[in-house]
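This explanation leads through a structure step by step. Keep the sequence and the 3D view open while reading.

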Amino acid sequence: MKRFGRPLAILLVLLLSLSMVLAGCSNSEQSEQPAPPADQGQDDGEQAAADTPKEKVKLDFWSFWGSVTRRPIIEKMISDFNGSQDSIEVKYTFVPWGDIWTKNLAAIAAGNPPDAIINDINTVAHRANQKQNTNLTPYLAKESENIQDRFFPQLWEAVLFNGEAYGLPFNTDTRLLFWNKEHFAEVGLDPESPPQSWAELEEYAKKLDKVENGKYTRIGFYPLWGVGADIWMLNSDGKNFIDEDGNVYVNTPEKIQALEWIVNWRNRLGDKTVNAFQAEFGSQQADPFISGKVSMMVQNMNFYTQLRDYGKDVKYGVTLVPEREEGTGHWSWGGGFAVEIPYGAKHPEESYQFIKYLTDVDAQSYWAKWGLDMVANKNAANDPELQSIDVYKVAVEAMDKTLITPTPVFAPDFIGLLNPQIDAAVLGKASVQDALKKAQSDIENLVKSNKK
Amino acid sequence: MNRKTSSIRQREEIQGYIFILPWLIGFVVFVLGPLLFSLYGSFTNYNVTSRMDFIGFDNYKRMFTGDPLFWTSLYNTFYYVIFMVPLTTAGSILMAVLLNQRVSGTRVYRTIYYMPSVLSGVAVYMLWMQILSPETGLLNTLLRLIGVEGPAWLFDPAWTKPAIIIMKMWSVGGGMLLYLASMQGIPTQLYESADLDGANAWHKFRYITLPMITPVIFFDLVTSLIGGFQIFQEGYVMSQSGDGGPMNSLLFYNLHMWNKAFEVFDMGYAMAMAWILFVIVMILTALNLKYSKNWVYYEGGDNR
């Protein structure tokens, strides 16, 4: 019997610790909390004794912005808020990216969440569905101004669950086409007129390709550098993969066309060329666009800061993502973050005052100027100082046709069913039609099983 | 007389329990409690924050009939275990045999080969992602030297799992140490008498070394089987944005479970998945134990 003991014990300990991780992570969470309520009580006592008319409410604000560039900005915004009034004091807590969502979840389950948190804008409704954040409707109703008018409309849509807001949009981004003007001039294209449609993009790209001794030394454009295939599928018709009601739009003629277009592109250049180029991609000076290995690239708008810092000699222009055909729309895609009040936060009224301040013009334009991020507040984004930056101006223009892809409540993990099929099609392991047909039916099944 | 011994016995028994009490409390609070909780949770739609309604076998039904990724993840995990376990076991034995030779500098070699087992975590994965890079990576550069064009490893769905298995082979040093210790314990008389009988090196390995280290092989087999089923980080770290790699080829069972638990908040479903894995591993281990009688040799006799 003894010899059976050891492996079995190890088996038990290992496997059970697994279920412990799943079930019991709230245990460790509580001890790490600095226990604000206790502090609060003490302060109350002291302040009452000192006969202060108003007692300050202390709020704990979580975000993952801890870098040398971001942290001072957010801390300055908080200290401005703390200085602007004398009833609320916000403390900033930096929680690393890898931890913040699970810690927040555990803290909510333990009934001791932070008072406000920066969270993914795409999952606000998904969390609302699980009662992880606070409905803001009662607070918004008390306002004289209409808070929703502050924001780009699609961002506001993203924070709604059953028509009610559960967070306020904070920032976002959008994809733009960057093109190298010198390369354009070199091959006889007008450096000031970038491609407008997919056909033009392809035509220009072929002219910009450079082949020496049968080997590509420069590639005009490749659609999957900078963004994924899914972005082109969204660009094709400006429609999300799943709508609010759970209808699935994956296997549509436009999206099939988009994926076929990409597959053709890969076939034309060849796997080897694509992989060989891709392997040498780096960041900063080694960025393919900055080093001139690629002439046009769809990139996040904040690629601008890389160009500013590392590509001083690159003469580039920036414009909207080309449309599928004339009139289909220069659709782009953006992500972003919202600021919300976790469910069960102790001072929702004060938390609301704080997140309202964070999304107001002053705080937002401060954030935009220092981080060159697209902010959710329209007036802040249209600040003349920001508009003088070419990229920012184009980006604000692109916001009109920038899709946000909120996680559908009915199929929060549909992307795990879609991506492998897209991979299969792009890698040539399945035909585009078959791949998207399979993805469509898989996702429909998922929606069906979650809708019950 | 009789009563006295029994009272001593009782006292010792109580003392014994007091001594193991810390472990007992820890076991009940941190292991048994969560375990039973997760068993119950697997029959609910628990989402950590707001829901915990009993839904019967729904989670299990959905797992087997309505979740294609469940099967993908199970396949990936089995694929990994089936190749990883025998390969690393054979690898560590081979390494141990080589390093058991009496040549100068064995200590240095042992240290070198054990070193990778000391390193762990994400840093190693990052290192391997560079080694496996298709164009500029060390592995493909070496293959090119002998005229072989290596695959795109982590970017080609057919090669992602082999790539990870190769990576695991790098750290066979841990198992090697166990085998080495066990080989050092084999009485030299056995080899001497084999020499007198005219046995060659292979015979000595096959009929002396191998049977003598079977208990360690058994131990290694069981633990690495269990460890193999728990693979998670490799899929999470070594695929872009942690989504399970090209065509979900690195979507391992635990990664899928993690996604269900912390991305979808379908904790009940994730708990049910944990239990299915538990059952699978239990069955495999029981089979292992059952058949071990046929090949594991204990020098002290069968009743140990």
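In chain A, β8(A) and β9(A) form a hairpin with two residues between them, and A:Asn213 in the turn has a positive phi of about 50°. Helices (H or I, at least four residues) and strands (E, at least two) are DSSP runs, numbered from the N terminus. Strand β8 covers residues 210–212 and strand β9 residues 215–218 of chain A; they pair in the antiparallel sense over three bridges. Two strands pair if DSSP finds at least two bridges between them. Opposite A:Val211 stands A:Tyr216 in β9(A).

This is a predicted model, in which local features need pLDDT of at least 70 and side-chain atom pairs count only at pLDDT 80 or more, while totals for chains, interfaces and linings use all residues. Residues are numbered from 1 along each chain as its sequence is written, chains are lettered from A and ligands numbered from 1 in the order in which they are written, and side-chain values use heavy atoms, with hydrogens and water left out.

Chain A also holds an open sheet of three strands in the order β10-β7-β11, with antiparallel pairing. At its edges stand β10 (296–300) and β11 (316–319) of chain A; each has a single partner strand, so one side of each is left without a neighbour in the sheet. On average, neighbouring strands of this sheet are turned by 30° against each other, direction ignored. Strand β7 (residues 175–180) of chain A is joined to β11(A) by four bridges in the antiparallel sense, and A:Leu177 has A:Thr319 as its bridge partner in β11(A). Helix α13 (residues 303–310) of chain A packs on this sheet, touching β7, β10 and β11 of chain A, and its direction makes about 30° with that of β7(A). Contact means heavy atoms within 4.5 Å; axes are lines fitted to C-alpha atoms, for helices over the stretch in contact, and angles run from 0 to 180 degrees between N-to-C directions.

A further open sheet of chain A has six strands in the order β2-β1-β3-β13-β6-β14, with mixed pairing. Its edges are β2 (88–94) and β14 (374–375) of chain A, each with a single partner strand, so one side of each has no neighbour in the sheet. Strand β1 (residues 57–63) of chain A pairs with β2(A) in the parallel sense over seven bridges. Within this pairing, A:Glu89 in β2(A) is the bridge partner of A:Lys58. Helix α4 (residues 100–109) of chain A packs on the sheet and touches β1, β3 (116–120) and β13 (336–340) of chain A, its direction making about 130° with that of β3(A).

Over all chains, the structure holds 31 salt bridges (a side-chain nitrogen of Lys or Arg within 4 Å of a carboxyl oxygen of Asp or Glu). One of them joins the side chains of A:Asp373 and A:Arg70 (3.3 Å, N to O). This pair links distant parts of the chain, 303 residues apart: A:Asp373 is in the loop between α15 (361–371) and β14 of chain A, and A:Arg70 is in helix α3 (residues 70–84) of chain A.

The last topic is the interface. Here 54 residues of chain B are in contact with 44 residues of chain A. Across the interface of chain B and chain A there are two salt bridges. The side chains of B:Asp156 and A:Lys429 meet in a salt bridge (3.6 Å, N to O).
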